Amino acid sequence: MAEMWINMGPQHPMTHGLWNLRIKVDGETIVDAEPEVGYLHRGIEKICENRTYTQVIPISDRLCYGSSMSWSHLYCLTVEDLMGIEVPERAEYIRVAVLEMQRIASHLMWLAAYAADLGAMIGFIYTMRDREIWIDLLQALTGSRITYNYPRIGGVAHDLPANWDRDALRACDYMDKKLKEYEDLFDGSKVFMMRNEGVGILKKEDALNLGVTGPPLRASGVKYDLRKDQPYSVYPEIDFQPCYHTDRDCYARYKVRMDEMAMSCHIIRQAIKKMPKGKWRVVAPRNGPVGTGLGRVEDPRGEGMMYLVGDGTDRPYRLKIRSPIFVTVSAAPKMLIGYKVADVVAIMGGLDMCIGETDR
Amino acid sequence: MVARQKRTMTGEIEEAPRRVDGQPEESVIRHLLDMFPSTLTDFKKVRDGLLRAKIERRDLYKACKTLRDILGFEHLSMISAVEYDDRFEIVYHITSYSKGLLVELITTTPKDDPSVDSISSIWGGANWQERESFDLMGIKFNGHPKLERILLPKDYVYFPLRKDFKGGG
Amino acid sequence: MNLFQFCYGLIHWLVDLINNIWYWLGDHLPWWFGNFFTDVGDFARSHAHIAVMAILLEVLIIIIIALINVLNFIWLDRKFMGRMFDFYGPYYVGYRIGGWLQNLADGIKLFVKEIITPAKADRIGFFLGPVIFVGSSFAALVTIPLGWDFYIGTNSGPTVPGVYPGVPASLLIAFMFFAIAPFSILISGWSSNNKYTLIGGMRSAAQMMSYEIPMLLCVASVVLLAGSFSFHGVVAAQHDIWFAIPLFIGFIVFMVCLVAEVEIQPFDLPEAEAELVEGWTTEYCGMRFGLFMMTSYLRGYIGGALAVALFLGGWQGPGFIPDPIWFLTKAYIVFIIVEWMRWSVPRVRVDQILNIGWKRLLPLAMLNLLVAATLKVWGVF
Amino acid sequence: MDLKASGTDPSVGQVIAFKSRDFLKWWDGVFEGVLRRSPVGSGVDLVTKDFFNWATRNSIYPLHFGIMCCALEMAVASAPRFDAQRFGVIYRSTPRQCDVLLVNGPVSKKLKPALRRLYDQMPGPKWVIAMGECAISGGPFYNSYSIVPGVDQFIPVDIYIPGCPARPEALIDAFIKLQKLIKENKKGLLTGK
């Protein structure tokens with residue numbers, strides 16, 4: 001068969017969102033690849049310039065539908081950096097607990113999509129079932145299932161509801177049990193291992209050069225976690241280890257995320273236990289100063305960054321958002337070339353695409 | 001980030017082991033100032049782990065090459081283009097994993113000639129970010145392998161993030 | 001009384017009933033007109049006419065049973081999947097009978113839908129694909145007997161020792177028709193003029209090539225032990241012990257090959273949903289797609305029936321249960337096990353499936369054949 | 001015959017195909033269309049109308065097409081907790097086998113032609129559900145430079161689900177509303193009445 005280009009997207013079960021992967025195949029082997037994004041470009045950076053600082057928070061929620069909490073948190077972090085606001089300690093702990101919950105929910109969402117991609121429908125169903133527990137907790141806290149609008153500039157919107165911490169601890173215990181079950185379900189499956197091991201190898205040098213961050217970077221053997229190495233919020237006071245793996249393939253990415261889920265449960269327990277009493281919010285000024293602010297967090301998908309320029313009014317002058325997946329997906333050809341068409345789903349699924357933040 | 005600085009100074013936080021020399025910022029500053037004495041200005045340590053410097057655009061490529069090859073900054077985090085009344089600023093956030101540092105390099109271009117050298121041959125991760133800056137802000141990156149629109153349709157004619165574009169938001 | 005005798009008797013009774021009219025007309029009309037009706041009656045009473053009609057009736061009965069089974073299978077599949085997945089499966093359509101009407105609704109809806117032929121498709125191939133697929137599957141179906149007396153055949157008299165009733169060499173015919181379907185998949189995949197369907201068709205051809213051989217080797221071992229190419233002979237040879245027990249390796253290999261042949265989950269590469277949108281059915285819509293869907297389950301039914309007949313003792317069981325019911329029960333159990341595998345295992349890759357076929361299953365099938373030959377030489381069977 | 005108009009040398013296959021189409025046209029004019037317009041057609045419709053309508057409304061296949069936040073809720077709706085499969089809702093990946101186009105997010109100007117094409121590829125009868133504020137009116141991005149404010153600008157929409165994002169219950173409710181809609185607009189297959 002001669003070489004031919006195949007368009008996978010914008011509507012394709014592999015994409016989990018709106019993007020287009022053009023692959024050139026020789027028979028079943030990929031010889032060239034070219035991702036194409038932008039189908040969900042909403043101009044969020046322009047919209048933010050015409051909103052006040054507070055009004056941007058709901059918009060930043062809609063940046064990434066997989067983990068909206070971490071993006072609104074990142075935005076609040078950036079504005080606090082610009083304004084020089086000190087956040088009450090209780091708010092920081094609440095934020096950490098909630099962020100880790102969001103991370104678990106996001107990784108479960110990823111696992112569901114990944115399992116469905118590989119054909120194991122049962123993985124999709126079980127992970128979606130357990131994701132509901134975390135969604136319920138977040139819903140009890142914020143009243144919404146996906147876009148929470150919970151962090152505020154200078155704290156969080158409101159205090160924890162009654163018995164929420166008890167439920168969160170119970171959910172952690174439940175999750176520990178379920179993680180073992182997933183391990184049996186996936187690691188114990190010969191076919192799953194066949195599909196993952198040795199597929200989509202991304203060398204350490206390539207990963208560094210191409211700007212890959214987050215779990216794919218840590219799966220390539222770089223032990224770098226912003227929560228540990230450039231700590232923000234109260235992460236320095238919490239005992240945890242960044243999860244990494246040296247196999248560099250799809251299985252390593254899967255394993256890193258599984259370990260991160262267990263680690264997140266660990267962090268939630270600590271955050272809830274260490275949470276002090278007190279205020280959960282300070283009132284932020286309406287107008288920001290002239291200057292720049294920089295926020296940097298470890299999103300579930302990688303390094304999320306925001307660069308904010310204030311001009312003294314109540315609106316951001318310029319808000320630049322660094323999306324981890326936008327950079328990571330540009331490294332896709334490096335991983336795809338030389339593998340089979342069927343490996344596209346494993347490799348691209350292993351990156352955890354979230355088009356909302358990619359296209360902005 | 002007042003709060004965070006205070007906490008790191010008073011709390012019983014262990015410093016990351018790779019930061020034992022205490023002054024990785026100083027060595028970076030010294031090295032860069034030695035290399036580019038005239039074009040590198042306004043060097044400033046904003047807070048622990050964050051440096052800021054301005055560099056003229058003719059030395060940008062060389063400075064980036066120095067940062068990666070000699071000083072060990074492996075990762076280009078972000079390229080942001082900001083439009084001011086009289087100039088464009090292109091801000092490069094460059095990370096060193098081994099030193100735990102973040103350098104903010106700011107390059108200025110005049111309004112009528114928004115172009116800088118492309119650094120996508122140094123960091124492959126810069127490729128798409130430069131395309132994005134070209135797409136939304138209209139900055140031209142000289143020597144970029146494929147400088148065309150990425151987020152917007154190919155036949156779009158405006159640069160929407162410029163301030164004179166009133167098209168929405 | 002076997003199925004043919006039953007059909008023959010039924011047709012005979014019907015013909016006699018209607019012949020009353022012809023003969024009455026022949027008696028009461030003038031001869032130049034009435035003789036015609038008498039001739040019609042005589043022709044209708046002739047053995048040739050009744051036998052042909054009886055065979056057609058047999059085919060109709062077998063196909064109706066198969067279609068009811070397909071509806072049951074789809075329902076069972078979805079219900080079983082639902083229970084595995086912590087939900088109900090189809091529930092509200094046909095509420096009283098556990099959502100059984102859902103498949104009927106799906107089928108009727110697909111019947112009502114518009115049928116589109118893509119502008120650049122090869123029209124003849126696009127049309128012939130479903131026809132060959134459905135036709136060959138039904139042709140394979142009608143050779144499989146559901147019981148000692150429940151089959152399509154004509155030899156109604158006492159059988160000669162050593163000659164079994166039913167279609168001669170029915171085993172070979174069944175496998176021949178069963179193996180045609182991948183060609184129709186290739187035809188429809190190519191003529192849809194779509195890259196996904198093309199890849200799906202190619203995969204299907206490759207898969208068939210590599211799995212047909214071990215499967216037929218297993219069948220050969222069964223045939224060797226039974227000494228007959230007829231389903232009746234194979235089942236009769238399992239009177240003492242099921243072939244699944246001495247030929248355990250062969251049974252496993254056969255089941256794996258069967259799953260690959262009917263394209264069920266771990267080996268459903270031609271319609272791999274994640275990478276090839278819907279595989280080779282991507283461009284098909286309306287009832288053509290419905291036929292594909294129905295026939296793929298029908299092939300599941302055929303596969304279960306083949307496994308039961310070849311390895312699991314066919315219809316032999318406790319005497320008080322009628323043969324067909326016993327046979328179908330076993331086929332259902334085989335199908336459920338296949339579905340169980342389907343919903344819990346990820347999909348393998350195309351190079352891996354070929355590896356499994358050529359490097360694992362083929363040697364195992366050879367080994368199995370060796371075992372069968374040894375047993376035969378020792379005189380165990 | 002438009003064989004010459006196509007410009008290429010017609011193969012045997014094409015000739016037969018064109019002939020079969022012409023035959024169908026002739027058959028329609030001579031027999032089928034006559035029957036359809038006669039009382040026979042309306043009689044058949046009267047008998048089968050309810051049956052076909054029952055089947056159509058009880059078997060809804062939406063297109064597996066995720067755009068933004070609501071796509072997650074679409075996935076959750078088919079997961080155990082909300083379980084849209086009870087109503088016979090199965091997601092198909094190709095537009096050729098779908099009845100419902102579920103637009104669950106903002107439609108950018110880059111996506112607009114692709115979405116319109118997806119809609120055109122679906123066989124009739126087909127329906128469109130606009131899920132979430134973004135699909136209804138553009139939502140929080142209504143005045144953005146790259147968003148089409150509402151999918152009904154270029155595709156006819158049957159059901160609107162408000163919510164940002166709409167909850168899975170709302171999606172299931174929309175399917176039930178769609179069933180009611182189909183039941184109300186009962187049409188015969190032959191006469192179209």
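View 1. Chain B and chain C do not touch, and their nearest C-alpha atoms are 24 Å apart. Here, two residues are in contact if their C-beta atoms, placed from the backbone, lie within 7 Å. This is a predicted model, in which local features need pLDDT of at least 70 and side-chain atom pairs count only at pLDDT 80 or more, while totals for chains, interfaces and linings use all residues. Residues are numbered from 1 along each chain as its sequence is written, and chains are lettered from A and ligands numbered from 1 in the order in which they are written.

**View 2. The contact of chains A and B.** Of the five pairs of chains in contact, chains A and B share the most contacts. Chain B brings 33 residues and chain A brings 35 residues. On the side of chain B that touches chain A, strand 3 of chain B gives the most, with six residues. That side divides into 17 nonpolar, 14 polar and two charged residues. (Ala, Val, Leu, Ile, Met, Phe, Trp, Tyr, Cys and Pro count as nonpolar, Asp, Glu, Lys and Arg as charged, and the others, Gly among them, as polar.) Helices (H or I, at least four residues) and strands (E, at least two) are DSSP runs, numbered from the N terminus.

**View 3. A three-stranded sheet in chain A.** This open sheet has the order 1-2-3, with antiparallel pairing; two strands pair if DSSP finds at least two bridges between them. Strand 1 (4-8) and strand 3 (29-36) of chain A stand at the edges, each with a single partner strand, so one side of each has no neighbour in the sheet.

**View 4. Strand 2 of chain A and its partners.** Five bridges link strand 1 of chain A to strand 2 (residues 20-26) of chain A, and Trp5(A) has Lys24(A) as its bridge partner. Toward strand 3 of chain A there are seven bridges, with Leu21(A) partnered by Pro35(A). Strands 2 and 3 of chain A form a hairpin with two residues between them, and Gly27(A) in the turn has a positive phi of about 70°.
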